Amino acid sequence: INDLTNIKVVQAVMAGKISAIEEVRTEGSSQSEFRRNADGAGEMRAITIDQLCASLTNLHFIKIDVNGADFEILNGGYETLKRFRPSILIEFSPGMIEPKDFSRTLEILEEQSYNLSFFRGHSVGALEPMNRRMLEETYAFWRKIAGGCWMNLFFTPRRNQKPAA
């Protein structure tokens, strides 16, 4: 519509690892949920960020908003982060993210020398720096009260530091 030539839209089911999944639709809703499928009936293939981006020659930005699987999906992009160092926007919903996925993703982003900021006022307002301790405290608080809080986290690569080998 906008005659943009530097954007490629790919319709794919993303996951933290390549797997067979099934789509489960919520009655009366336009939203779907994707679950791992053990028996293979009605399966689709889920791909990782690394698999999706393997043939790219450049990548500047990744946006992830998948209601709790955000960090799991980012975990499947380790090589892509190392190779392209894109900025990453994640809609973070602490009550929907498993602790192991949360911790592993923070480790990956630290290994790859990323800075963390968040948007004060959710999706509008100032971009403010946040450190790992602040994010862990926010996560623990919202997990404890099981709230439906969300915030947009923005990860940017540190330009003067090399990522992990």
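In this predicted model, Phe102 has a relative accessibility of 3% and is therefore classed as buried. Tyr139, at 8% relative accessibility, counts as buried as well. The cut-off for this class is under 20% relative accessible area.

A search of the whole structure returned 1 aromatic pair. The pair is formed by Phe102 and Tyr139, whose ring centres lie 3.9 Å apart and whose planes meet at 10°; the pair is therefore stacked, given that planes under 30 degrees apart fall into that class. The two residues are 37 positions apart and connect distant parts of the chain, with Phe102 located in helix H4 (residues 99-111) and Tyr139 in helix H5 (residues 132-145).

On the H4 side, the contact involves Pro99, Phe102, Ser103, Leu106, Glu107 and Glu110. These residues meet Arg132, Leu135, Glu136, Tyr139 and Arg143 of H5. Both members of the stacked pair, Phe102 and Tyr139, are thus among the residues through which H4 and H5 meet. Sorted by class, the contact of H4 with H5 comprises 5 nonpolar, 1 polar and 5 charged residues.

An arrangement of a charge over a ring was also found: Arg85 lies over the face of Tyr114, at 5.4 Å from the ring centre.

Technical notes:
Residues are numbered from 1 along each chain as its sequence is written. This is a predicted model: local features need pLDDT of at least 70, side-chain atom pairs count only at pLDDT 80 or more; totals for chains, interfaces and linings use all residues. Side-chain values use heavy atoms; hydrogens and water are left out. Rings of Phe, Tyr and Trp (its six-membered ring) pair if their centres lie within 6.5 Å; planes under 30 degrees apart count as stacked, over 60 as edge-to-face and the rest as tilted. Helices (H or I, at least four residues) and strands (E, at least two) are DSSP runs, numbered from the N terminus. Buried means under 20% relative accessible area, exposed over 50%, partly exposed in between (1.4 Å probe, protein chains only). A charge sits over a ring if NZ of Lys or CZ of Arg is within 6 Å of the ring centre and within 35 degrees of the ring normal. Contact means heavy atoms within 4.5 Å. Ala, Val, Leu, Ile, Met, Phe, Trp, Tyr, Cys and Pro count as nonpolar, Asp, Glu, Lys and Arg as charged, and the others, Gly among them, as polar.
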